[in-house]
Amino acid sequence: MKHYIGLDVAVKETAVCVVDENGVICREAKVASHPDDLIAFLRSGNWNIVRIGLEAGPLSQWLHDGLAAGLPAGCRVICIETRHAKAYLKAQVNKSDRNDGRGIAQMMRVGLFKEVHVKSLESQKRRALLSARRLVLEKAIDIENDMRGLLRNFGLKVGAIGKAGFEARILELTADTPDMAVFIMPLLTVRRALREEFNSLHRKVLAIARKDAACRRLMTIPGIGAVTALAYVSTIDVPERFASSRAVGPSLGLTPRLHQTGESRRMGRVTKCGDAMTRALLYEAAMVMLTRVKKWSWLKAWAMGVARRSGMKAACVALARRLSVVMHRMWRDGTHFIWTKDGLPRPA
């Protein structure tokens with residue numbers, strides 16, 4: 001008899017539920033959230049395990065890789081899409097770890113799930129580097145804004161100043177008030193350290209992008225820099241997992257939400273599902289192409305036509321979606337960006 005496993009993962013413990021092919025619960029338990037402990041539990045029973053399901057989350061990639069490596073080849077470990085799991089599990093009257101484990105096990109049994117691609121270890125490390133870079137930059141900007149606010153209380157206005165001259169401007173404003181050094185100098189020290197660490201992380205991102213052939217190819221697109229290219233490559237991970245290049249846009253949440261019932265049909269804003277960082281970077285790249293890049297291209301001409309009809313914001317969203325499609329196609333075909341429309345690698 002075939003058996004199916006549902007895992008409701010928490011930081012310390014995971015609720016495990018085993019059901020047979022008829023939906024009968026064979027065993028339930030709480031196991032430590034570690035691949036070795038889960039494998040030991042799954043091997044303790046005489047079960048013919050077909051599928052193991054766990055919801056996408058902070059520990060899902062680590063547990064997925066550990067379980068896949070430690071269990072027989074015929075046992076599939078599946079990371080399921082969070083929104084699909086939530087929609088299925090909320091039909092239960094009471095929400096608990098045990099009930100969620102039961103629900104996931106039943107999803108595995110009936111095949112009612114959407115599988116999520118688990119990224120390679122290299123892509124996970126690259127994404128962690130990009131996240132750390134962004135986090136350090138955000139903290140540095142927060143410190144600078146807080147300093148502006150503190151000085152404004154005393155009538156000292158920093159004004160429009162670049163990051164290179166920010167510290168000199170702060171020292172200039174507080175030169176006549178030495179008592180402000182009590183709280184200004186520690187903030188400047190923290191801000192200086194954050195900026196130095198950000199520059200170090202940024203140099204590492206640039207070095208990885210220069211060595212990666214796919215990133216260098218994507219950077220031939222106007223408006224696409226090293227950070228955007230690396231974020232895109234680490235998010236897509238394996239371009240072959242998309243049967244069509246047009247499927248990349250919806251996976252990044254860059255297509256409108258559709259609500260249709262009976263004779264009603266409404267198109268809403270973009271879904272914003274998928275990777276938020278890559279989506280934001282593609283939007284920034286689209287804005288740069290439309291406002292900063294002077295050289296004309298077929299892609300900019302198309303986006304400017306959208307801007308005339310629907311406005312600049314809608315054009316940036318549409319261009320970001322089309323950039324994701326073109327980038328995937330370039331990656332698959334191994335081609336560089338073509339400025340004229342003749343010879344364009346068209347989406348599949």
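## Parallel strands around S4

Strand S1 (residues 2-9) pairs with strand S4 in the parallel sense over 6 bridges, where two strands pair if DSSP finds at least two bridges between them. Helices (H or I, at least four residues) and strands (E, at least two) are DSSP runs, numbered from the N terminus. Ile 5 has Ile 52 as its bridge partner in S4. S4 is also joined to strand S5 (residues 76-80) by 5 bridges, and these two strands run parallel. Here the bridge partner of Gly 53 in S5 is Ile 78. From S4 the chain crosses through H2 to S5 in a right-handed β-α-β crossover; right-handed means that, with the strands pointing away from the viewer, the path from the first strand over the helix to the second runs clockwise.

Strand S4 (residues 48-55) has 6 of its 8 residues buried, so it is largely enclosed by the rest of the structure. Buried means under 20% relative accessible area, exposed over 50%, and partly exposed in between (1.4 Å probe, protein chains only).

## Basis of the model and overall make-up

This is a predicted model, in which local features need pLDDT of at least 70 and side-chain atom pairs count only at pLDDT 80 or more, while totals for chains, interfaces and linings use all residues. Residues are numbered from 1 along each chain as its sequence is written, and side-chain values use heavy atoms, with hydrogens and water left out.

The protein contains 13 helices and 7 strands. Of its 348 residues, 42% count as buried. The C-alpha trace spans about 80 × 60 × 50 Å along its principal axes.

## The largest pocket

The largest pocket holds about 980 Å³ of space. On a 1 Å grid over the protein atoms alone, a pocket is an open set of points where a 1.4 Å probe fits, with protein on both sides within 12 Å along at least five of seven lines; lining residues have an atom within 4 Å of a point. Grid points are joined across faces, edges and corners, and a volume is the space filled by probe spheres set on the points.

The lining comprises 28 residues, of which Val 116, His 117, Ser 251, Gly 274 and Asp 275 lie nearest the centre of the pocket. Helices H2 (60-70), H3 (82-89), H9 (226-236) and H10 (248-251) each supply at least two lining residues. By class, the lining has 10 nonpolar, 10 polar and 8 charged residues. Ala, Val, Leu, Ile, Met, Phe, Trp, Tyr, Cys and Pro count as nonpolar, Asp, Glu, Lys and Arg as charged, and the others, Gly among them, as polar.

## The second largest pocket

About 360 Å³ of space lies in the second largest pocket. Among its 14 lining residues, Val 270, Lys 272, Tyr 283, Lys 313 and Val 317 are the closest to its centre. Strand S7 (264-270), helix H11 (276-291) and helix H13 (312-333) each give two or more residues to this lining. H13 provides the largest share, 5 residues. The lining is made up of 8 nonpolar, 1 polar and 5 charged residues.

## Aromatic pairs

The structure holds 4 aromatic pairs. Rings of Phe, Tyr and Trp (its six-membered ring) pair if their centres lie within 6.5 Å; planes under 30 degrees apart count as stacked, over 60 as edge-to-face and the rest as tilted. The ring centres of Phe 154 and Phe 183 are 6.4 Å apart with planes at 25°, so this pair is stacked.
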